[in-house]
Amino acid sequence: MSMTATRTDYDLLPYAGEHHEELSFIRKYIFSTDHKTIGKQFLFMSLIFMLLGGIMAMMIRWQLGFPGQPMPGGTLLPETMSPGGIILPEFYASLLTMHGTFMIFFAIMPLLVGVFGNLLIPLQIGAPDMAFPKLNMLSFWLAVPSGLMMLASFFVIGGAAGSGWTAYAPLSADGQYTGVYMGQRLWLLALFILGFSSITGAVNYITTVINMRAPGLTWFRLPLSVWALFITAILALLAMPILAGALIMLFTDHALGTTFFRPAAGGEPLLWQHLFWFFGHPEVYILILPAMGIVSEILANGARKPVFGYKAMVFAICAIAFLGWIVWGHHMFMSGMNPMLGTTFMFSTIVIAVPSAIKVFNWLGTLWKGSIVFHVPFLNAAAFVSLFIIGGLSGVFMASTPVDIVITDTYFIVAHIHYVLFGGSLFGIFAGITYWYPKMFGTMMNELWGKIHFAGTFVTYNLVFFPMHELGLQGMMRRIYDPNNYVYLQHLQPLNTFISVSAFALFAFQMIFMVNFLYSIWFGKKAADNPWRATTLEWSTPSPPPHGNFQQMPTVYRGPHEYSVPGAREDFSPQWESGGAGAPSPTHHATAH
Amino acid sequence: MNWMFPQSVSTFGPEIDRLYYIILAITGVVFVLTEVLLFYFLIRYRAREGHKAEYNHGNTKAEVIWTTVPFVIVVGLALMSVGVWKRIKDPSAFPPNAYQIIVTARQFEWEATYPGADGQLRTADDFKLLNRLNVPVNRPFVVNLESSDVIHSFFVYPFRVKQDVVPGMTIPVWFEVTATGEYALGCAELCGFGHYSMDGTVMVQTQTEFQAWEATQIAARAAAGVANLAAAGATGAPAN
């Protein structure tokens with residue numbers, strides 16, 4: 001581990017001070033190689049896909065809340081989806097499949113990795129851009145056609161894939177079981193292309209972090225968000241090829257009649273599950289680790305304290321990333337694999353609770369004896385901690401194999417995954433977007449509407465997902481079109497209706513975020529360079545930073561989250577400022593918030 | 001919020017429920033503790049005039065404690081789970097002399113095959129039921145699960161039984177029911193658009209009732225022949 005990283009390989013990338021070329025509109029906004037623009041492109045793309053995924057969720061909740069009743073606006077959809085506005089079971093299967101697919105692969109993953117990876121890595125390590133800017137551009141322009149292809153599958157004959165986002169074979173391996181032929185193939189191809197987008201991104205992030213850190217930026221001076229994104233990129237680089245391989249096998253089963261997963265001719269359905277979850281569990285951590293990094297940083301900023309146990313946090317990220325590879329079998333306790341294998345996976349799974357616990361305690365430690373400023377990013381980060389605790393603890397139930405017999409494939413799992421991916425990842429994303437918005441767009445989002453969005457989302461979110469634990473404990477299975485078909489589930493209808501109404505309210509609060517987000521780009525208050533009085537390198541640049549980011553290569557003098565250093569005049573000591581423990585810099589643009 | 005499991009009616013049900021309540025108690029305590037601390041810190045350490053944050057990078061002793069304690073607790077939970085899991089799922093630990101049937105799942109129905117007069121499965125005198133199982137109370141019962149199309153999952157909540165049914169495999173699952181009555185059988189794995197409608201009934205009878213029922217089935221099977229079974233079964237009524 002060298003004290004200073006060498007830059008020789010990437011000297012051709014110019015810093016802002018050396019850069020004067022004026023770019024055409026197309027090179028600047030569409031086929032841009034600037035990491036910040038690509039980050040923003042990913043942001044717009046994922047927010048649109050998230051909106052679509054949210055609309056699908058609303059349709060699912062309509063059917064569960066008001067089964068068999070015509071959906072408002074449902075008559076606008078084709079007869080093959082909702083004749084007379086009533087959602088068909090076939091369409092419901094497509095909806096639950098595509099809701100999961102869009103939210104996981106086209107919303108949460110690109111938001112965390114595509115947006116924050118692109119935006120933060122070069123800015124926080126003092127680099128003018130990514131190591132491979134053109135590869136970076138390719139990464140985005142692979143994701144767009146992939147998403148459009150996925151969306152288009154709704155409108156082909158047979159409709160979109162209906163075998164769940166996990167695409168268990170042989171349901172997914174032969175069109176005769178679902179009546180979906182083209183839709184399933186488009187699903188497979190679209191994900192295959194998206195995998196390449198992830199891989200090109202991951203190569204870039206890893207190379208950039210290893211090679212392009214500014215002088216003085218040692219590994220243990222990296223902001224936790226960069227640590228998390230770096231480890232995530234390694235996970236993506238190793239996991240996505242496994243998915244790609246599995247997708248090819250499933251595609252040839254479906255389209256060319258091979259029999260990898262179709263048992264009629266000797267194939268093995270469980271092989272798909274092993275491959276899928278060997279990719280899928282690292283994927284789960286791809287979907288949460290960056291949010292953990294972002295949240296650590298924002299909690300420290302809000303509490304005006306260094307991150308408690310910085311090194312423990314780094315080791316916990318590494319431990320989660322390593323253990324994440326040997327727990328995939330916990331998705332398969334009831335799958336029919338050897339039950340004794342289940343015992344092995346139970347132990348590895350239960351051990352992964354430990355690094356998660358370490359992170360929670362260190363977040364609490366960060367707040368302890370702080371001087372907390374409740375800005376919108378902090379509120380969302382605190383919500384992340386509060387909700388991740390619930391998602392983490394509900395995971396312990398599933399890890400115990402005998403208890404998992406009862407709750408697997410019920411709404412308990414639906415509650416768990418949404419506490420991790422919505423309560424966790426998405427609140428982390430809200431925290432990250434509101435925190436770095438001024439750096440992205442040069443303006444501030446509206447604080448009051450930000451708080452209204454936060455409060456409304458936090459309350460309605462819990463009203464939607466907390467009762468789902470009860471649905472699961474009462475035995476309501478996942479992915480069922482109409483629970484009333486089971487007499488013993490009929491008494492849950494009022495609860496289901498309550499959840500649906502809460503979900504519509506939750507959706508409405510997201511519109512506030514969308515409007516605030518778009519409105520503030522043009523009409524938001526002009527942002528200062530360092531509006532949150534933060535310490536990491538991106539805040540030394542103008543808001544927004546020019547092409548090339550820094551006037552010249554910055555030098556790093558201290559750790560990443562140095563707040564309230566004794567003897568310093570300000571309560572934050574930026575990484576780029578020389579001098580004793582946080583001597584204030586005359587060039588610094590501090591503003592109150 | 002109702003955190004209770006509905007009543008279980010199988011021999012190993014209470015063991016699973018006990019584990020569940022232990023985990024519920026432990027996670028409940030951790031939940032309350034961490035959430036209370038979080039909200040207490042948020043209120044207690046809010047920014048105020050004259051109040052400054054403490055400059056603190058962490059505490060190794062604290063890290064060791066909050067690494068070790070969760071580790072011991074979760075490994076303890078795993079150790080408590082091992083024996084129960086083995087007793088329920090390991091075919092070599094199944095009780096001997098269980099009554100054996102085959103259940104074949106297909107989109108979107110359950111077909112049960114009983115051994116018939118010779119007591120042997122997969123012989124000519126087997127008889128079949130559709131979307132219905134008859135089970136004797138207080139007797140170990142093994143269901144050999146097979147699928148003729150996609151993956152389904154055999155789920156009878158009051159028995160605390162859930163097992164995926166995988167085409168190309170025969171997966172045995174056992175239970176011993178402790179109370180007579182009618183219980184819902186459901187499919188817990190997405191198996192196509194009709195997944196929600198793949199329900200059935202498990203009728204648990206006293207051993208005398210069961211034997212009488214079995215005898216009438218065997219007699220009916222002998223009288224009717226194979227051909228009528230599918231038609232009779234389609235109504236959901238016992239074949240006769």
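**Entry 1: a strand pair in chain B**

I began with strand S5 (residues 141-147) of chain B, which pairs with S8(B) in the antiparallel sense over 5 bridges. Two strands pair if DSSP finds at least two bridges between them. I noted that Val143(B) stands opposite Val173(B) in S8(B). Is strand S8 of chain B mostly covered or mostly open? S8(B), residues 171-175, is mostly covered, with 4 of its 5 residues buried. Buried means 20 or more other C-beta atoms within 10 Å of a residue's own; exposed means 12 or fewer; partly exposed lies in between; C-beta atoms are placed from the backbone.

**Entry 2: ground rules**

I am reading a predicted model, where local features need pLDDT of at least 70, side-chain atom pairs count only at pLDDT 80 or more, and totals for chains, interfaces and linings use all residues. Residues are numbered from 1 along each chain as its sequence is written, while chains are lettered from A and ligands numbered from 1 in the order in which they are written. Helices (H or I, at least four residues) and strands (E, at least two) are DSSP runs, numbered from the N terminus.

**Entry 3: the open sheet**

Next I followed a sheet in chain B. Its 5 strands run in the order S4-S10-S9-S6-S7, open, with mixed pairing. Strand S4 (132-136) and strand S7 (161-165) of chain B each have a single partner strand, so one side of each is left without a neighbour in the sheet. On average, neighbouring strands of this sheet are turned by 20° against each other, direction ignored. Axes here are lines fitted to C-alpha atoms, for helices over the stretch in contact, and angles run from 0 to 180 degrees between N-to-C directions.

Strand S6 (residues 152-156) of chain B runs antiparallel to S7(B), joined by 5 bridges. Val156(B) has Val161(B) in S7(B) as its bridge partner.

**Entry 4: where the chains meet**

How many residues of chain A are in contact with chain B? I found 83 residues of chain A in contact with 75 of chain B. Contact means C-beta atoms, placed from the backbone, within 7 Å. H11(A) gives the most to the side of chain A that touches chain B, with 9 residues. That side has 54 nonpolar, 20 polar and 9 charged residues. Ala, Val, Leu, Ile, Met, Phe, Trp, Tyr, Cys and Pro count as nonpolar, Asp, Glu, Lys and Arg as charged, and the others, Gly among them, as polar.

**Entry 5: a helix in chain A**

I tested the span of helix H16 (residues 493-523) of chain A. At 1.5 Å a residue its 31 residues should span 45 Å, and its end C-alpha atoms are 45 Å apart, which agrees. The expected span is 1.5 Å times one less than the number of residues. Its buried residues include Asn496(A), Ile499(A) and Phe513(A). The buried residues of H16(A) pack against helix H2 (35-65) and helix H15 (447-473) of chain A.

Most residues other than glycine have a negative phi, and most peptide bonds are trans. Arg304(A), not a glycine, has a positive phi of about 55°. Arg304(A) counts as buried because 21 C-beta neighbours lie inside 10 Å. Arg122(B) has a phi near 60°. With 9 C-beta neighbours inside 10 Å, Arg122(B) counts as exposed. The peptide bond from Ala169(A) to Pro170(A) is cis, with omega near 0°. Gln107(B) and Phe108(B) are also joined by a cis peptide bond, with omega about -10°.

Terms used. Contact = placed C-beta atoms within 7 Å.
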